[in-house]
Amino acid sequence: MNTDLVLQLALQGFLMGGVYGLIALGLSLIFGVMRVINFAHGEMMVFAMFLTITLLLFLGLDPYISLPICAAVMFGIGYLVQRVFVNRILDLPEAMQVLVLVGMGIIFENGTLMIWGGSDISPKTSLALSAIRLGSLTIDVPRLIAFVLAILITLIVMIFLKKTTTGKAIRAAADNRFGALIIGTNINRIYGICFGIGAACVGAAGTLLVPLMPAKATMGAPYTMISFVIVILGGMGSLIGALVGGLIIGVAESLGTVFLPSSMKQVVSFTIMVIILLFRPQGLFGGRG
Amino acid sequence: MENKKMEVSGINRRNFLKTSAALGAAATISGFPAVLRGAAPKEILIGSIQPVTGPLPDIGIAMQRGNKLAADEINARGGIKSMGGAKLKLLLGDCEAKEDVGRTVAERQIKEGAVCLVGPFLSGVAMAIATLAEQRNVPFVIDVAALDAITAKGYKNVFRCFAKTEFFMTSMARYLDLIIKEKKVTIKRIAVTNAGDAFGRGQGAAFIKYVKDKKLPFEIVEHIEYPLGVKDLSAEVAKLKAAKPDLLCPVARPGDAKLLIREMYKQRLELLGIISPGSPGWYEPEFVKDMDKLAYYVLDNVPWVNPKSPKFQEANARFEKLYPGKYLDTNSGYAYTGVLVIADALERAKSTDPAALREALRKTNFKDHPMVGGPVIFDEKGDNINAATAMVQVLPDPNMDDRVKVVLPKEAAQAPYVFPWKQLWERGA
C-alpha cells in the first residue's frame with residue numbers, strides 16, 4: 001500500500017475531524033443539559049454558511065472575520081428558538097420533542113431555500129486555494145485553520161462551563177434541574193443560553209466550512225446525522241467526547257476510502273456507531289450511560 | 001350585454017330564463033357538436049417534469065425555463081394551427097431528482113389531463129416515467145437523459161431527443177483520437193471519476209467498457225465513484241494523485257465539479273487536462289463564474305447548441321433577455337427542443353389522441369432546432385438518430401457569458417481548442 005496516500009488521507013481526515021467535533025459539540029451540549037436532541041442541527045449550520053456567504057458577497061467580509069458575527073447571530077437565533085419553542089416541549093415525551101425539532105429543521109432548510117435559492121454556491125475566499133507542501137504531503141490551509149479554530153472554540157466553551165458563574169449554572173442545571181431551581185437559578189435563561197451556545201458552535205463550524213465546500217440549502221441533514229453518530233461515539237453530553245469522536249470519525253471516513261469505494265464512505269461511520277452501541281452503549285467518554 | 005344588465009339589476013326570474021335559454025341555444029348551435037366531432041381544445045396540457053429542487057436545482061430550473069421558452073414561442077406564433085390555434089399549457093412538475101417522486105408527479109399530470117410528458121434530465125427518473133408512460137399509453141418525449149437502458153426495451157410511447165450513452169462514447173473516442181494526433185501528445189494513463197447516480201454510474205462504466213472493448217491504447221489507472229451531492233472530495237483527489245494519470249475523464253455534477261477542481265488545485269494534481277466523456281458540471285454559468293480561471297480548458301463531450309444556427313441565436317437572445325446571466329446550453333437547449341418536437345407532432349397529428357400523437361412523433365423529421373446535429377428523427381426504439389455531441393471548452397473571455405465555446409467539430413467551432421492545459425496553480429487564480 002502507498003504510505004504517502006495513507007498519511008495524506010489520515011491528515012485530511014484528522015483536520016476535518018476537528019470541524020466535525022465542533023459541529024457535534026453543540027449537539028452534545030444541548031443534549032447534555034436539556035435532554036433534547038436538536039434535529040435541526042445540520043440545517044442551522046447551513047443557515048450559518050449562507051449567512052457567511054452573504055456577508056462575504058455584500059460586505060466583502062472574509063469568513064475568518066465574519067466568524068464572530070455569525071456565531072453571535074446564531075447564538076441569538078438559538079436563544080430565541082429555545083425560549084419560544086424548545087422550552088415548551090422539555091417535559092413532553094421524546095417522540096413529541098422529535099417532531100418539533102425535525103419541524104424546526106424543515107423550517108430552517110426551507111427558509112434558507114427561500115432566501116438564497118437552491119444552487120451550489122462557493123464564492124472565492126482569500127485562503128480557499130492555499131495549501132502548504134511538506135515533502136509529498138499537502139496541508140490544506142483552510143482545513144488547518146478550521147481545525148485550529150474548532151479546537152480553540154471547543155476549549156473556550158469548556159473553560160466557560162468550568163470557570164464562569166453562568167457556566168457553573170449550566171452544569172448545575174444539567175446535573176439536577178430540580179436542585180438548580182431550588183437554589184434560585186433562572187433555569188429558562190440558562191437553557192436559552194445553553195441552546196444559544198450550541199447554535200453558535202454549529203454556526204462557527206458552518207462559517208469555517210465556507211472556504212472548503214460549496215454551500216447548498218439542502219445539504220444539512222447528513223450533518224445532523226454525522227454529529228449524532230459522533231455524539232453517540234463520544235458519549236451523549238460529553239464535550240471532550242464530541243471532540244475525540246469527531247476526530248475518530250474524520251480519520252475513519254477518510255481512510256475508509258482506501259479500502260472501500262467512496263460511495264460507501266458513510267458505511268464506515270455507521271459501522272463504528274453500531275459497534276459502539278453494541279459494546280459500549282454509553283460512548284467512549286459517557287459516564288452515566 | 002345581457003350579463004352586464006343582470007349584474008346591475010340583480011337576477012330576476014325573467015332575466016335568468018332569458019339568459020339560460022340564450023346560452024343553451026348558443027351551446028347547442030356551436031359548442032356541443034364541436035365537442036362531439038372531437039375538434040380542437042382551447043388548451044393542450046403537457047406535463048413538464050424536471051429536478052427543480054434537490055441536489056441539481058440549477059439544471060432543473062434551467063430545463064424548466066427551456067421547456068417554457070418553447071411553449072411561449074409556440075403560443076406567441078398562434079398555437080397549434082391544425083387544432084384551431086390551441087395553446088400549449090405546461091403543467092410544471094418537480095421530481096426532486098428522485099425516481100419515485102418523478103413517477104408520482106407524472107401520474108398526477110396524466111390525471112390532470114396531460115396529453116404528453118416531457119423531461120426529466122435524470123436517467124433514473126426517465127426510466128421511472130417511461131414505464132408509467134407505457135402503462136398509461138401517454139407519449140413521453142425525453143428532452144435530456146442519456147442512459148441506453150431507457151429505450152432499450154423498445155417502449156412504443158417513449159421518444160428521446162438527447163444522445164444516448166453509446167453515441168457519447170463513439171464521438172468521445174473519435175475526438176480523443178483527433179486531439180492526440182493533432183497535438184502530438186502521449187496519453188497512456190486515464191483516471192475516471194463519476195457521481196453515483198444512474199447516469200453517472202452508467203456513463204462512467206460505459207466509457208471504461210468502451211475503452212476496453214475497442215482495445216483503445218489507454219490504461220484505466222483509477223476509477224472512483226462518489227455519492228451524488230458529495231461535500232468533500234479531498235480523499236478522492238489524493239487517491240487520483242497517487243494513481244498518476246495523464247488525463248482525467250470525469251462524469252460530474254455541478255457541485256462536485258467545483259470540489260474536484262479546487263481540490264486538484266490544492267493538492268497539485270498534475271495532468272495534461274480534463275476531458276469529460278460527457279457530463280454536466282463543466283459549462284454551467286455558476287461553474288464558470290465561481291471557478292473563474294480554474295474553469296478554463298476543461299473539455300467536455302456533450303450534445304450542445306450550435307452557435308452558428310440562426311435558430312439558436314434567436315432563441316438564446318430571448319433566453320438571455322428573460323434570465324440575465326444565463327444562456328442556452330446542452331440541457332436548456334434540449335429542453336427547448338423537446339417541447340418544439342412535441343408541438344411539431346401535435347401540428348401533424350391534428351389531434352391530442354395518444355395513438356395519433358404517437359404516430360406523428362414516430363414520423364418526426366424536425367430540422368428547426370438549435371442543437372448540433374441533424375434533424376430530429378426517431379428510430380424504432382425512439383432514439384434520435386441524429387443526436388450528436390460537440391467538444392466544448394471554457395476559454396478566457398472578458399465576458400463571462402461567452403466563455404463556453406464549441407471547439408469541435410470544426411464546422412461548428414467558435415475557437416481553436418487548447419490542449420494540454422495550463423496547470424491549475426500556474427494560472428494566477
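Reader: What is the strand order of the open sheet of seven strands in chain B?
Author: This is a predicted model. In it, the strands of that chain B sheet follow the order E7-E6-E8-E9-E10-E11-E12, and their pairing is mixed.

Reader: Which are the edge strands?
Author: Strand E7 (219-226) and strand E12 (404-408) of chain B; each of them pairs on one side only.

Reader: And by how much are neighbouring strands of this sheet turned against each other?
Author: On average by 25°, with direction ignored.

Reader: How do E8 and E9 of chain B run, and how many bridges join them?
Author: Strand E8 (residues 247-251) and strand E9 (residues 273-276) of chain B run parallel, joined by two bridges. For B:Leu247, the bridge partner in E9(B) is B:Gly273.

Reader: Which strands does helix H7 of chain B lie across?
Author: Helix H7 (residues 165-183) of chain B lies across E8, E9, strand E10 (299-302), strand E11 (390-394) and E12 of that chain. Its angle to E10(B) is about 145°.

Reader: And helix H10 of chain B, which strands does that one lie across?
Author: Helix H10 (residues 254-267) of chain B lies across strand E6 (189-195), E7, E8 and E9 of chain B, at about 155° to E8(B).

Reader: Stepping back, how many helices and strands does chain B have?
Author: Chain B comes to 14 helices and twelve strands. Of its 429 residues, 60% are buried. The C-alpha trace of chain B spans about 90 × 45 × 40 Å along its principal axes.

Reader: Turning to cavities, how many of 30 Å³ or more does the structure hold?
Author: Four. The largest cavity contains about 120 Å³ of space.

Reader: Which residues lie nearest the centre of the largest cavity?
Author: They are B:Phe121, B:Val144, B:Phe162, B:Phe199 and B:Pro280, out of 17 lining residues. By class, that lining has eleven nonpolar, five polar and one charged residues.

Reader: Now to chain A: where does A:Ala199 lie?
Author: A:Ala199 is in helix H8 (residues 187-209) of chain A.

Reader: Is A:Ala199 buried or exposed, and why?
Author: A:Ala199 counts as buried because its relative accessible area is 1%, whereas the cut-off for buried is under 20%.

Reader: What does A:Ala199 touch?
Author: Not counting residues up to four places away in sequence, A:Ala199 touches A:Met44, A:Met74 and A:Gly78.

Reader: And how far is A:Ala199 from A:Leu25?
Author: They are 174 residues apart in sequence, and 9.7 Å apart in space, C-alpha to C-alpha.

How values were computed
Residues numbered from 1 in each chain as written. Chains lettered and ligands numbered in written order. Predicted model: local features only at pLDDT ≥ 70, side-chain atom pairs only at ≥ 80, totals over all residues. Heavy atoms only, no water. 1 Å grid on protein atoms, 1.4 Å probe; cavity = no way out; pocket = protein on both sides within 12 Å on 5 of 7 lines; lining within 4 Å. Points joined across faces, edges and corners; volume = space filled by probe spheres on them. Nonpolar A, V, L, I, M, F, W, Y, C, P; charged D, E, K, R; others polar. Helix = DSSP H or I, 4+ residues; strand = E, 2+ residues; numbered from the N terminus. Buried < 20%, exposed > 50% of the residue type's maximum accessible area, 1.4 Å probe, protein only. Contact = heavy atoms within 4.5 Å. Pairing = 2+ DSSP bridges. Axes fitted to C-alpha atoms, helices over the stretch in contact; angles between N-to-C directions.
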